[in-house]
Amino acid sequence: MKILVTGAAGFIGFHLVKRLLDDGEQVVGTDNINEYYDPELKYSRLGVTGIERNRIKAGINIASEKYPGYSFYKFDLEDREGISQLFREEKPDLVCHLAAQAGVRYSLTHPYAYIDSNIVGFINILEACRSLPVKHLVFASSSSVYGLNSSMPFSVHDRVDHPISLYAATKKSNELMAHSYSYLYGLPVTGLRFFTVYGPYGRPDMALFKFTKAILEEEPIEVYNHGNMERDFTYIDDIIEGVSRVIFRIPDENKDWNGLHPDPSSSVAPYKLYNIGNNNPVKLLDFIDAIEKELGKKAIMNLLPIQPGDVPKTWSDTRDLVRDLNYQPSTDIRTGVKRFIQWFKDYDHHCP
């Protein structure tokens, strides 16, 4: 089957594309290669999969020079006709929609970027999936949707009605939009709530990249909530193993679903939500300690109050993922941090 991956130059998208190609799948990737963070990193990821930057032109099919089963298109999600034409030409069987405007703090200052990409872009994907139709749409949600929910660990069976950032609100909106299309049109849909993904080729705006760079350069790092934060850090290879299994597991209607006691994680429609995390929250100061030990250098910490939109703790309940896919992420934080820093030193040495 042909698999379309949006956000193919992004952190998770790149790793997923490479995994699928290494498994022998036929893949079509799309990305708009925007400047939310340094595009050089995005071009570097694309280069690993045989898509060279000097051949990329908007809307043009670029064949991989490394993988015969891979082609790439540069597209904006908001380009309704372009997305529609892409689906008509490529006719993907499965879609993994990872493209989005990411970041909680950026949403405080650039709200319209989230509406354009995460709302307008998502309806364009839904319409294209419905019109074809595709066999399964998997889309990226976020642990941010849990918002003010303080019941730990976070469960997909709990309501998530109180987001505390626009980013989180757009991801919650995506879940609702996807359910309506699943119900109305019988479109099989699975949403994945990702928990603090980290690893090689990670985003420069995320803690591990920023902390590593600053510590090496002997610059101070910003530590919010005075370090009293916990995150369910999940290594990228664990995430990709889970996503690659979910793609091929097309959800069914839940025959036991009860409207008197509605379960948010499933439906009478072919719709399913999963947490995909490590089920093991790590204290932020312990995370920094792991980085310091691997670098052999101490961090200069600038302790600050918690930022608007941030939650003090995330912790994923992954029992549904274990039950349905027989899979549980397992990479410990020291192993994951070590692998990232090995990559970072090589990348930082070679980058312009």
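What follows is a short chat about a few places in this structure.

User: What kind of model is this, and how are residues numbered?

Analyst: This is a predicted model, where local features need pLDDT of at least 70, side-chain atom pairs count only at pLDDT 80 or more, and totals for chains, interfaces and linings use all residues. Residues are numbered from 1 along each chain as its sequence is written, and side-chain values use heavy atoms, with hydrogens and water left out.

User: Is strand 7 buried or exposed?

Analyst: Strand 7 (residues 189-194) is largely enclosed by the rest of the structure, because six of its six residues are buried. Buried means under 20% relative accessible area, exposed over 50%, and partly exposed in between (1.4 Å probe, protein chains only). Strands (E, at least two residues) and helices (H or I, at least four) are DSSP runs, numbered from the N terminus.

User: Which residues lie on each side of it?

Analyst: Val189, Gly191 and Arg193 are on one side of strand 7, and Thr190, Leu192 and Phe194 are on the other.

User: How many bridges join strand 6 to strand 7?

Analyst: Six, and strand 6 (residues 136-142) runs parallel to strand 7. Two strands pair if DSSP finds at least two bridges between them. Leu137 has Val189 in strand 7 as its bridge partner.

User: New topic. Where is Phe340, and is it buried or exposed?

Analyst: Phe340 sits in helix 11 (residues 333-350). Phe340 is buried, at a relative accessible area of 1%.

User: What separates the C-alpha atoms of Phe340 and Pro200?

Analyst: A distance of 4.7 Å, although the two residues are 140 residues apart along the chain.

User: And where is Asp116?

Analyst: Asp116 belongs to helix 5 (residues 111-131). Asp116 is partly exposed, with a relative accessible area of 34%.
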